[in-house]
Amino acid sequence: MRTLTLNRPHRRNAIDAELWEALRAALTAVASDPGVRALVLTGAGGAFCSGADIPRQVSTVHPLYRMRPLTEVTLLLHELPVPTVAKVTGPAVGAGWNLALGCDLVVAIPEARFSQIFARRGLSPDCGGSWLLPRLVGLQQAKRLALLAETIDAEEARALGLVTWVTDAATVDAFVDDLTARLAAGPPVALAQTKALLNEGSYRTLRDALANEGRAQAVNFAGTDVQEAYTAFAGRREPLFTGRWAVPSRSEDDT
């Protein structure tokens with residue numbers, strides 16, 4: 001398991017250009033490291049993230065170019081092949097909330113607060129908010145959150161399906177540790193494909209989804225985890241998943 005902590009508490013972890021780059025590099029590293037089986041994204045100093053840190057001085061860089069780091073980070077997080085958990089222990093605002101929504105699961109403390117604050121800043125949603133919100137809460141509630149830029153608490157966010165669990169501040173670390181341990185113990189190849197199937201399923205036809213599921217299962221059966229699951233079940237023990245490839249090599253075929 002790996003934890004990425006947004007660490008600019010003096011700005012409530014608002015993400016500036018340097019932090020966007022650091023986050024992009026960290027997510028790229030996680031995607032290429034088979035030793036990482038789950039990821040936690042959180043913030044330091046009692047906040048999750050207050051959004052993108054908009055420069056106080058006028059920038060000469062065209063806004064389309066300034067948006068590229070946000071786009072890259074959003075896609076990396078969404079497509080990461082390991083389960084991701086947002087641990088929200090304070091405000092999650094604007095792009096910060098959308099990064100949390102980009103995680104597979106969200107754990108929040110009761111004191112957490114959430115806002116699609118963009119309209120109050122004369123902006124529209126970014127970091128995938130326009131794609132994520134309608135799929136999570138439906139079009140009408142998505143419009144309410146985005147157009148009114150209201151602040152909601154953790155319990156309302158959970159009721160809307162935007163937070164998976166709400167747990168006390170005193171127990172949130174232990175809760176997330178247990179959750180990620182269970183995720184990390186799962187079959188890594190199968191979980192990666194399950195995540196991709198679910199992410200893509202919302203905009204695929206049933207025919208597309210069935211074809212993708214067939215390809216995913218073919219990959220799963222070519223690994224050792226399926227046999228390990230059956231063996232563990234027969235032996236009444238917990239399986240030890242590794243994600244290893246079971247297809248024999250050419251040299252083994254020749255012997």
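Here are some notes on the backbone, core, salt bridges and aromatic pairs of this predicted model.

1. Start with Asn13. Its phi is positive, about 60°, even though the residue is not a glycine. Most residues other than glycine have a negative phi, so this one deserves a look. Asn13 sits in the loop between β1 (2-6) and α1 (17-31). The residue is also buried, with a relative accessible area of 0%.

2. Cys127 is another non-glycine residue with a positive phi, here about 55°. Look for Cys127 in the loop that runs between β6 (113-115) and α5 (129-137). Its relative accessibility is 6%, so Cys127 counts as buried, the cut-off being under 20%.

3. On to the core. The largest nonpolar core holds 53 residues, and those with the most contacts inside it are Leu23, Leu41, Val88, Trp97, Phe114 and Leu162. The biggest contribution to this core comes from α1, which gives six residues.

4. Leaving aside residues up to four places away in sequence, Val88 touches Phe48, Ala100, Val106, Val107, Ala108, Ile109, Ala112 and Phe114. One of these, Phe114, is also on the list of residues with the most contacts inside the largest core.

5. What about the aromatics? There are three aromatic pairs by the rule used here. In one of them, the ring centres of Trp97 and Phe114 are 5.4 Å apart and the planes are at 45°, so the pair counts as tilted. Trp97 belongs to helix α4 (residues 95-101) and Phe114 to strand β6, so the pair ties together parts that are 17 residues apart in sequence. Both Trp97 and Phe114 are buried.

6. Now the charges. Side chains of opposite charge can pair when their charged atoms come close. How many salt bridges does a search of the whole structure find? The count is 13. I'd look at the network that links Arg8, Arg11, Asp16 and Asp53.

7. Arg11 is partly exposed at a relative accessible area of 29%, while Asp53, at 17%, counts as buried.

8. For a local salt bridge, go to Arg182 and Asp178, whose closest N and O atoms are 3.3 Å apart. Why are these two about one helical turn apart? Because they are four residues apart in helix α8 (residues 172-184). Arg182 is exposed, with 53% relative accessibility, and Asp178 is partly exposed at 43%.

Definitions and conventions
Residues numbered from 1 in each chain as written. Predicted model: local features only at pLDDT ≥ 70, side-chain atom pairs only at ≥ 80, totals over all residues. Heavy atoms only, no water. Buried < 20%, exposed > 50% of the residue type's maximum accessible area, 1.4 Å probe, protein only. Core = buried A, V, L, I, M, F, W, Y, C linked by side-chain atoms within 4.5 Å. Contact = heavy atoms within 4.5 Å. Salt bridge = Lys/Arg side-chain N within 4 Å of Asp/Glu carboxyl O. Phe/Tyr/Trp six-rings, centres within 6.5 Å; stacked < 30°, edge-to-face > 60°.
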